[in-house]
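I opened my notebook for a friendly walk through this model. The entries below follow the order in which I looked things up.

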Amino acid sequence: MSYRVLTRKKPYEPNPRSGRPRVTDIRSDRRIQRMTSGQKMSVREIIGASRLQISKNSVHRRIIESGYMIHAKMARRLPLSKLHISKRLQWARYQMSYGDKWMAVRFSDEKNGTSMDLTGI
């Protein structure tokens, strides 16, 4: 196949790409990558700072295409403090020693409206 390409009378030109052309060029792609790696910016902040008329999906695609960026969602809450961890552990240990008192507890599944009574077991 390479022999045919080399012996052609016309120079080799690849076929034009099908589909919609890209909104961003290489320079704006690099600018988007620089913004995401330099600061912790959200996709909306990047759209505002880049002064481009692009969708958030396009920005997200450019970040993924960069290859070295890893997409991770930010934590929605703060991690537990040492005090909270110790109180939870203390509560769990107390519940372990609850023993036969669990027989008086009624468990219900509010989603289905059914309940399970442990007193009859």
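I began with my salt-bridge rule: a side-chain nitrogen of Lys or Arg has to sit within 4 Å of a carboxyl oxygen of Asp or Glu. The model is predicted, so I kept local features to pLDDT of at least 70 and side-chain atom pairs to pLDDT 80 or more, while totals for chains, interfaces and linings use all residues. Residues are numbered from 1 along each chain as its sequence is written, and side-chain values use heavy atoms, with hydrogens and water left out.

**Entry 1: salt bridges.** By this rule I counted 4 salt bridges. I then asked: which residues are linked in a network of salt bridges? They are Arg22, Asp29, Arg62 and Glu65.

**Entry 2: the pairs.** Arg22 bridges to Asp29, with the closest N and O atoms 3.0 Å apart. Asp29 also meets Arg62, at 3.3 Å from N to O. This second pair links distant parts of the chain, since Asp29 is in helix 2 and Arg62 in helix 4, 33 residues apart. For helices I used DSSP runs (H or I, at least four residues), numbered from the N terminus. Arg62 has a further salt bridge to Glu65, at 3.8 Å from N to O. Both of these residues lie in helix 4, 3 residues apart, which is about one turn of the helix.

Entry 3: My cut-offs were under 20% relative accessible area for buried, over 50% for exposed, and partly exposed in between (1.4 Å probe, protein chains only). Asp29 is buried at 11%, and Arg62 is buried at 5%. Arg22 is partly exposed at 44%, and Glu65 is partly exposed at 46%.

**Entry 4: helix 4.** Which residues of helix 4 (residues 56-65) are buried? I found Ser58, Val59, Arg62 and Ile63. They lie on the same side of helix 4, because they cover an arc of only 140 degrees around the axis; the arc is taken from the directions from the helix axis to the C-beta atoms. Next I looked up what covers them, and the list includes helix 2 (26-38) and helix 3 (43-50). After helix 4 comes Gly67, whose phi is positive, near 90 degrees.

**Entry 5: Thr36.** I finished with Thr36, which lies in helix 2. Is Thr36 buried or exposed? Thr36 counts as buried because its relative accessibility is 14%. Setting aside residues up to four places away in sequence, Thr36 touches Ile46, Ile63 and Met69, where contact means heavy atoms within 4.5 Å. One of these, Ile63, I had already noted among the buried residues of helix 4.

Key:
Helix = DSSP H or I, 4+ residues; strand = E, 2+ residues; numbered from the N terminus.
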